[in-house]
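Subject: Structure handover

Hello,

Here is the structure for you to look over. My notes on what turned up follow below it.

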Amino acid sequence: MPDEKVFPSPSVVDDGGSVLSFQDSPKKDFDPDPNFREPENPDSTEKKTSRKKELLEFRCRVEDAILCGYILGKSKGKFNSNSLREISLWGVPLLPSNNHQGTDVVLMKFLKAKDFKVAEAFNMLLRTLKWRREFGVEGICDEEFDSRFEELGCIDGKDRLGRPVWYSVLGGFKNREMCKNAFGTEAKCEEFVRWKVQTMENGVGKLGFKPGEVDSILQIIDLKNSPSVKELRSLNKKIGPIFQENYPEIITRNIYINVPFWYYVRYALQSQSKSKFVFARPPRVTQTLLKYISPENLPVQYGGLKRENDNEFSPDDKALILSVGSGTRQSLQIPAVEAGVTVVWDATVVGFDVSYKEEFIPDDDCSYNVLLQNERKMKESARNSFYIYEPGRIVITIDNATSKNKKIFFRNKSKPTLPVYVSK
């Protein structure tokens, strides 16, 4: 089958008949996280020099602990320096004299977590290595757990900086009975904790730990329909310290979405770390997530264009953006210049709450228009397709009767197709 191709760029016509062009990117529309725009303000020369000294001291301590055989604790000769030379963390060798590019990246995470206090960072590293040995982290990615845990999230896609995105969906257990069935015994609780660690390890496996590569994860915590029960709260209190103590600086930011009002008042307004925690009430979920994740990588349930097992589009199929002013009605036109192809398109509106209509209009005035979608309120991301039997254009009409401007993301492509009435 011939390669798929993209039709000429669509245009937009407003009520006055003028053609409005798409913007090439959403840079001016969503105020992305400052980290996406430019690096943080550089440290002073004195501070940089100090941090180099602290890193050098940390390297020396780690080198000595490995070569002298006590990096895993004083075990009366159980571990020898030859075997410890190969010790690694997150796939990165820890012996500094091996000159692996990722060693300093890993060590810096422990230093940052302890505000560059070398002794505390070193002890934290020792505790992490001990915990991984006692918890049995090696091989945990091959373990199988209760299939119901899959409803509670996964690593899926990347953010605008290429970091893995971890979706934690607390609404997977919507009532007390489901929580009790899953977490009612100590064994089930332990299984859940190991599943969470497995998910973290899967995310860490996607990181580079080399200068210039991605070395952290963005986490999205969805509180929609989340149960407020003691079992889940106690588990979160147990899991939180595990990640904080053993995966320092791996989660770059936690974005809480669909935050209930009581939760927002209790936690969001009192949060002291605005750079690490972001809170979004239900009306601002899509707008917030688009600051960090492109529409092509944002799942449709959050207002994006990403669908599971998508055979039509991939994250490489970039969306264009259209701004529709309040109280205006505009028509997006996709030229269909040749017959014998199927046009496929995606569209999503930030915040939805607009009217949406689709139709095919042939170039031949003697042919009939084809209504593809009756005008309706848009409440979710839209996808549709149409087989082109004669030249014309697909017209998508968007009526924004609200008092706010709306942002619409759109993409389309075509693929050669046999007509439905042709048998094989």
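Start with Gly 325. It counts as buried, because its relative accessibility is 19% and buried means under 20% relative accessible area, with exposed over 50% and partly exposed in between (1.4 Å probe, protein chains only). Gly 325 sits in the loop between strand 10 (320–324) and strand 11 (328–336). Helices (H or I, at least four residues) and strands (E, at least two) are DSSP runs, numbered from the N terminus. Leaving out residues up to four places away in sequence, Gly 325 touches Gln 330, Asn 400 and Asn 405; contact means heavy atoms within 4.5 Å. Asn 400 is 75 residues from Gly 325 along the chain, yet their C-alpha atoms are separated by 7.1 Å.

Some ground rules. This is a predicted model, where local features need pLDDT of at least 70 and side-chain atom pairs count only at pLDDT 80 or more, while totals for chains, interfaces and linings use all residues. Residues are numbered from 1 along each chain as its sequence is written, and side-chain values use heavy atoms, with hydrogens and water left out.

Now the cores. A nonpolar core is a set of buried Ala, Val, Leu, Ile, Met, Phe, Trp, Tyr and Cys residues joined through side-chain atoms within 4.5 Å. The largest one has 55 residues, and Phe 58 and Tyr 247 have the most contacts inside it. Two or more residues come from each of helix 2 (45–67), helix 4 (103–113), helix 5 (118–135), helix 6 (176–183), helix 7 (186–204) and helix 8 (230–246). Helix 5 gives the largest share, eight residues. Domain 1 (47–135) and domain 2 (140–293) each supply at least three residues; the domain bounds come from an automatic or database domain assignment. A second, separate core has 23 residues, among them Trp 345, Ile 388, Ile 394 and Phe 410.

Next, the rings. The whole structure holds 16 aromatic pairs. Rings of Phe, Tyr and Trp (its six-membered ring) pair if their centres lie within 6.5 Å; planes under 30 degrees apart count as stacked, over 60 as edge-to-face and the rest as tilted.

Trp 90 and Phe 110 are stacked, at 6.0 Å centre to centre with 15 degrees between the planes. Trp 90 is in the loop between strand 3 (88–89) and strand 4 (92–93) and Phe 110 is in helix 4, so the pair ties together parts 20 residues apart in sequence. Both are buried: Trp 90 at 9% relative accessibility, Phe 110 at 0%.

Trp 131 and Tyr 247 are edge-to-face, at 6.0 Å centre to centre and 80 degrees between the planes. Trp 131 lies in helix 5 and Tyr 247 in the loop between helix 8 and strand 8 (251–257), so this pair ties together parts 116 residues apart in sequence. Trp 131 is buried at 14%, and Tyr 247 is buried at 3%. Beyond four places in sequence, the contacts of Tyr 247 include Trp 90, Arg 132, Val 197 and Ile 242.

Ring pairs link Trp 90, Phe 110, Trp 131, Phe 135, Trp 166, Phe 209, Phe 243 and Tyr 247 into a cluster. Arg 194 lies over the face of Phe 135, 4.7 Å from the ring centre; a charge sits over a ring if NZ of Lys or CZ of Arg is within 6 Å of the ring centre and within 35 degrees of the ring normal.

Last, Gln 219. This residue lies in strand 7 (residues 217–222) and is buried at 9% relative accessibility. Its contacts beyond four places in sequence include Trp 166, Ser 168 and Ile 251.

Best wishes
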